[in-house]
Amino acid sequence: MASYDLILRGGTVVLPWGEAQADLAVRGGRIATIGDLRTAEAAEVIDCAGLHVLPGLIDPHVHLRDPGDPAVETMATGTRGAVLGGLTAVFDMPNTQPSITSVGQLDWKRNHIRETAWCDLGMYVGGARSNVGELGTLEREPNVCAIKVFAGSSTGDLMIEDDETLERVMRNGGRRIAYHSEDEYRLQARKPMFAEGGPHKLHAEWRDVECAFLGTRRLMALARKTNRPAHILHVSTAEELEYMKDFRDVGTVEVLLNHLTQWAPDAYDALGGYAVMNPPIRDRRHYDAAWAAVADGTVDTVGSDHAPHSRAAKERPWPATAAGLTGVQTIVPLMLNHVSEGRLSLSRLTDLMAAGPARVYGAIGKGRIAAGYDADFTVVDMGKTRTIEADWLVSPCGWSPFIGARCQGWPVMTILRGRAVMREDQVIGEPSGEPVRFEGTRAG
């Protein structure tokens, strides 16, 4: 009789080839067997009857602000929120204080992950003018998910807005580069058009459709010229989504939960500065286009762009309002609610938040329920209805644009490499996150 470390019994399992009633067995932190395991034994058996078992969901776009300001967020608090919200891995952006742009900073962060993270974590390296010549080496460092380039809308040393330097970046290395695509020249030219203290909805007029679309056209022209794969982050306009269909040879697409859930002017009217983000929340035409792009397969990944700021920074008069919204703990319930309301299937959600990030970034052992893969599972109750409440959230910034949102479908268990790290709102044990491994990198 086979013996395992863990068996998940009786759930509806979301497999790469469809949903099935099946048991899952885990041995040594990996998926060992899928099937009818009623006669098998394990050190631990969890009854999943009435629940759906998804591959461990990934948020490929978060800003955990570590190193930075612990009063806003830390790796420990951000990843604790992630597992409470049903995520088993996050990919963390490099625009911290200081920015993650060197081997030494990657080494520090890798150690910090092992000491403090509740879920697994991949690391972006920032592309800066100071390290363009080193990017081909940096992208092969262990546990690096991608080079991140801010082609617009950044502060500090992470800004590369001109075509000449962007082309140099693309010619150093070969892995997919992730881009913030807004045209910095248009942003700066339009800024004097708007007075301080104007309504927050003007954010979408300043950072208009052409600002985003022009940035994406420039980047895709350079990507095709250099044959360097590009992942355009937080695509927010109908024009970009249509355009990207002609660049599947070199381009992939991320859409944010925010652009699938909020629209202008309603979000600005309800939330004021707590609706300000880059690129901005746009009107219903772009919201509808985002869902159409999810339906036809244009969108490869969905992320939260979790970017916490202090309340004081969010409440400064526009346009000095800090841009960025929280979301790492709330993305899974909100996406499950979209499933319940018929906007996408549970299989498509799994594709966007597990298989998609694993494919785009080359994550090893992640993204699907299959023998030999990491035993990462997000277990959800699609019959559970619950409201997102402030006292459930753990980010020290203390706010969310989604407080009060009612969700049908809720994560009830997060399992990381065969060990439950969250069950029914309780985080279990000690932090056990590991750096994610990626194809094209050195062993760490």
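## Basis of the description

Helices (H or I, at least four residues) and strands (E, at least two) are DSSP runs, numbered from the N terminus. The structure is a predicted model, in which local features need pLDDT of at least 70 and side-chain atom pairs count only at pLDDT 80 or more, whereas totals for chains, interfaces and linings use all residues. Residues are numbered from 1 along each chain as its sequence is written, and side-chain values use heavy atoms, with hydrogens and water left out.

## Backbone features in the loops

The loop between β6 (57-62) and α1 contains Arg65. This residue has a positive phi of about 60° although it is not a glycine. Arg65 is buried, at a relative accessible area of 17%; buried denotes under 20% relative accessible area, exposed over 50%, and partly exposed in between (1.4 Å probe, protein chains only). Pro67 is also found in the loop between β6 and α1, and the peptide bond that joins Asp66 to Pro67 is cis, with omega about 10°.

A positive phi, about 50°, also occurs at Asp305, likewise not a glycine. Asp305 is placed in the loop between β13 (301-303) and α11 and, at 9% relative accessibility, counts as buried. A cis peptide bond runs from Trp318 to Pro319, with omega near 10°. Pro319 belongs to the loop between α11 (311-314) and α12 (331-340).

## Salt bridges

Side chains of opposite charge can pair when their charged atoms come close. Over the whole structure, a search finds 31 salt bridges, each defined as a side-chain nitrogen of Lys or Arg within 4 Å of a carboxyl oxygen of Asp or Glu. One of them pairs Lys109 with Asp92, with 2.8 Å between the closest N and O atoms. Lys109 is in helix α2 (residues 103-116) and Asp92 in strand β7 (residues 87-92), so this bridge ties together parts that are 17 residues apart in sequence. Lys109 is buried, at 0% relative accessibility, and Asp92 is buried with a relative accessible area of 0%.

Glu239 and Arg285 form another salt bridge, the closest N and O atoms being 3.0 Å apart. The pair links distant parts of the chain, with Glu239 in helix α8 (residues 238-244) and Arg285 in helix α10 (residues 284-296), 46 residues apart. Both partners are partly exposed: Glu239 has a relative accessible area of 26%, and Arg285 one of 45%. Asp288 is partly exposed at 42%, as is Arg284 at 38%. Elsewhere, salt bridges that share partners join Asp120, Lys366, Asp374, Asp376 and Arg417 into one network.

## Packing of α1 against α2

Helix α1 (residues 75-84) packs against α2 at an angle of about 55°, their axes being 10 Å apart. Axes are lines fitted to C-alpha atoms, for helices over the stretch in contact, and angles run from 0 to 180 degrees between N-to-C directions. The two helices are therefore oblique to each other (under 35 degrees is roughly parallel, over 145 roughly antiparallel, 65 to 115 roughly perpendicular, the rest oblique). The crossing of α1 and α2 is right-handed, that is, the near helix is turned clockwise from the far one by less than a right angle, anticlockwise being left-handed.

The contact (heavy atoms within 4.5 Å) is made by Met75, Ala76 and Thr79 of α1 together with Lys109, His112, Ile113 and Thr116 of α2. By class, this contact has three nonpolar, three polar and one charged residues (nonpolar: Ala, Val, Leu, Ile, Met, Phe, Trp, Tyr, Cys and Pro; charged: Asp, Glu, Lys and Arg; polar: the others, Gly among them).

In helix α4 (residues 163-170), the buried residues are Thr165, Leu166, Glu167, Val169 and Met170. Their cover includes α3 (135-138), β9 (144-150), β10 (177-180) and α7 (209-226).

The axes of α4 and α7 come within 10 Å and cross at roughly 45°; the helices are therefore oblique to each other. Their crossing is right-handed. From α4 the contact involves Asp163, Leu166, Glu167 and Met170, and from α7 Arg218, Leu219, Leu222, Ala223, Lys225 and Thr226. These residues divide into five nonpolar, one polar and four charged.

Leu6 is part of strand β1 (residues 3-15) and is buried at 2% relative accessibility. Leaving aside residues up to four places away in sequence, Leu6 touches Leu24, Ala25, Val26, Ala42, Glu44, Ile46, Ile415 and Gly418. A C-alpha separation of 44 Å lies between Leu6 and His286, which are 280 residues apart along the chain.
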